[in-house]
Amino acid sequence: MDHKYLEISQINNYIKNILDNDYFLNKVYIKGEISNFKRHSRGHLYFTLKDDNSRINAVMFYSSAASLNFDPVDGNQVLVEGRISAYPSSGSYQIYVEKMELDGIGRLFIEYEKLKKRLAAEGLFNEEHKVKIPRYPQKIGVITADTGAAVKDIVSTIRRRFPICQVILFPSLVQGADAKDNIVKQIQRADEFGLDTIIVGRGGGSIEDLWAFNEEVVARAIYNCKTPIISAVGHEIDFTIADFVADLRAPTPTGAAEMAVPTILDTQTLINNYVIRLNKNIKNMVNQKFIMLERFKRSYILKNPFSMYEIKEQKLDNLIDSLKVNINKILINKTREYENITSSYLIKNPLLLIQNNEKKLSLLINSLNHLNPLNILDKGYSIVKNNNKVIKNVKDLKEGDIIDVTFSKGTINAKVMEVKK
C-alpha cells in the first residue's frame, strides 16, 4: 500500500490554520498566574500562564505591552485577553496576549500602594503629627460594626481591664461601598464628644473586606481628627492606610483595647510604687531638715547670739572712726584753701587789680585802633567804591562810572572821565 508522507511543517501549519480560523479561539479571556516571565530586549514579553492543573505559553508583543499600567513579575494573578494560535517552528500552541491587567487583589494592591506613596509624600504618616494616647482615659469611643466579634472583644477587654472607663459605641458600616462615608461621619461625630481616645477598626477579612480602611477620605478624616485615634483593622499581618495615619496602630481590635487602657493590677502597682516613692522622698526631706536643724543648733551664732551684735558694734565703731578722720581731712583742706585766698596780694590790694585791668583795656583799645582800616585815611589815603564795591584795580572801572570816594573827613561822588590802564 502506497502512503503519502507529509512534512512536519505541513502538519504544524495545518493545525495553525485550524486554530486561526476557529471563531471561539480568536477572542479568549483567561485568568491565571504568571511564571517563567521574560522581557526581551526588543520589548516583547514571554511567559507562562498556569492554574492549579494546567499551563499555557503566552507571548505579548511590544505594541500591546507598551500600554500596561504595571510591571509583570512571576506570581502575578492576571486577567488576559487574546487569541489562541500555533507556533509552527516548535509545534506548540500559545496565547497571543493583546490586553492584560492584574486580577482582583492585584488591582487593589496597586491602588493601595499608589495612595500610600502619595499620602506619605504629603506627610500624613509623619511621627510629629501623631498624638500620644492618654494613659488613664475616662471616655473611649469605639467606631466599628455594632454586631460581630470586634465590638464585643473591645468592650469586654476595656471593662475587664479598666472598668471605671466609659465606652461609647459609634456603630458604623465597615464593609461595602457605603462603608467609607459612614466611617468618616462617625469619626467626625466622635471627635465632638470630648473623648480621650477613639478606636477605629473591625475584625479580619480579605483585602476587599478591609478596603474601606484604605480609602483616602477615611485616611484624611483620621488625620484631621483632634482626638487621638487607635487603628485596629483585621489581624496582625493586615496593614491598611488607616494604620499608617492613626496615632497608634494595634494588631487586632483586642490589642487596641489593651493599648487604650491599663489593667487594674497595673494601676494598683503604679499607685503602690508612687506611695513607696512618696514615702521615701518624705523621709529623705525630713532627714535633710533634721540634719540642717542639728547643724543650726550646733552653730556658734545660735549658742552665742550676742557675738553677732559684737561684730556689728565693732564694724560700726570702725565706720565712725573712719568718718571722723575723713571729715577732719576735708576741714583742714578747706581751711588751707580759705587762708590762701584771704592772704593773697590781690585780696589785700583790690585797687591794684582794677589798675591792671585798666592797663589791659587801654592796650586792647590801641590794638584795635591800629587795626582799624579807616585810620589809614588820616595819612591822605582814600577809599574808592563803585556800587558799594571797593575798587582795587583801575581795570574794574570804565568811563562814565559814578564812584564814591571816601576821605578821612567826608565822602564825594565823582564821574570817571578817562581810564588809564
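E81 sits in strand β4 (residues 77–87). Helices (H or I, at least four residues) and strands (E, at least two) are DSSP runs, numbered from the N terminus. The model is predicted: local features need pLDDT of at least 70, side-chain atom pairs count only at pLDDT 80 or more, and totals for chains, interfaces and linings use all residues. Residues are numbered from 1 along each chain as its sequence is written, and side-chain values use heavy atoms, with hydrogens and water left out.

E81 has a relative accessible area of 15% and is therefore buried. Buried means under 20% relative accessible area, exposed over 50%, and partly exposed in between (1.4 Å probe, protein chains only). Contact is defined as heavy atoms within 4.5 Å. Leaving aside neighbours within four places in sequence, E81 contacts K27, V28, Y29, Y96, V97, E98 and K99.

Strand β4 pairs with strand β1 (residues 28–39) in the antiparallel sense, over six bridges. Two strands pair if DSSP finds at least two bridges between them. Within this pairing, I30 stands opposite V80 of β4. Strand β1 also pairs with strand β2 (residues 45–50), again antiparallel, over five bridges. Here K38 has Y46 of β2 as its bridge partner. The hairpin of β1 and β2 has five residues between the strands. In that hairpin, G43 takes a positive phi near 100 degrees.

Helix α5 (residues 179–190) has 12 residues. From first C-alpha to last, α5 reaches 16 Å, close to the 16 Å expected at 1.5 Å a residue. The expected span is 1.5 Å times one less than the number of residues. Buried positions in α5 are A179, I183, V184, Q186, I187 and A190. Seen down the axis of α5, these buried residues fall within an arc of 165 degrees, so they line one face of the helix. The arc is that of the directions from the helix axis to the C-beta atoms. The buried residues of α5 pack against β6 (139–144), β7 (166–171), β8 (197–202), α6 (216–224) and β9 (229–233).

A nonpolar core is a set of buried Ala, Val, Leu, Ile, Met, Phe, Trp, Tyr and Cys residues joined through side-chain atoms within 4.5 Å. The largest such core has 34 residues. Those with the most contacts inside it are I187, I198, V200, F213, I222, I229 and I241. Each of α3 (105–122), β7, α5, β8, α6, β9 and α7 (241–245) supplies at least two residues of this core. Helix α5 gives the most, with five residues. I241 touches Y112, L115, K116, L119, F125, F213, N214 and A219, not counting residues up to four places away in sequence. Another core, of 21 residues, lies apart from the largest one. L25, V28, I34 and V97 are among its members.

Aromatic rings were also examined. Rings of Phe, Tyr and Trp (its six-membered ring) pair if their centres lie within 6.5 Å; planes under 30 degrees apart count as stacked, over 60 as edge-to-face and the rest as tilted. By this rule there are six aromatic pairs. The rings of F239 and F244 have centres 6.0 Å apart and planes at 25 degrees, so this pair is stacked. Ring pairs link F125, F239 and F244 into a cluster. F239 counts as partly exposed, at 42% relative accessibility. F244 also counts as partly exposed, at 23%.

Strand β11 (residues 383–386) and strand β13 (residues 402–406) pair over three bridges, in the antiparallel sense. K385 stands opposite D404 of β13, and V384 has V405 of β13 as its bridge partner. Five bridges join β13 to β14, which run antiparallel. In this pairing, I402 stands opposite K415 of β14. Strands β13 and β14 form a hairpin with four residues between them. G410, in the turn, has a positive phi of about 105 degrees.
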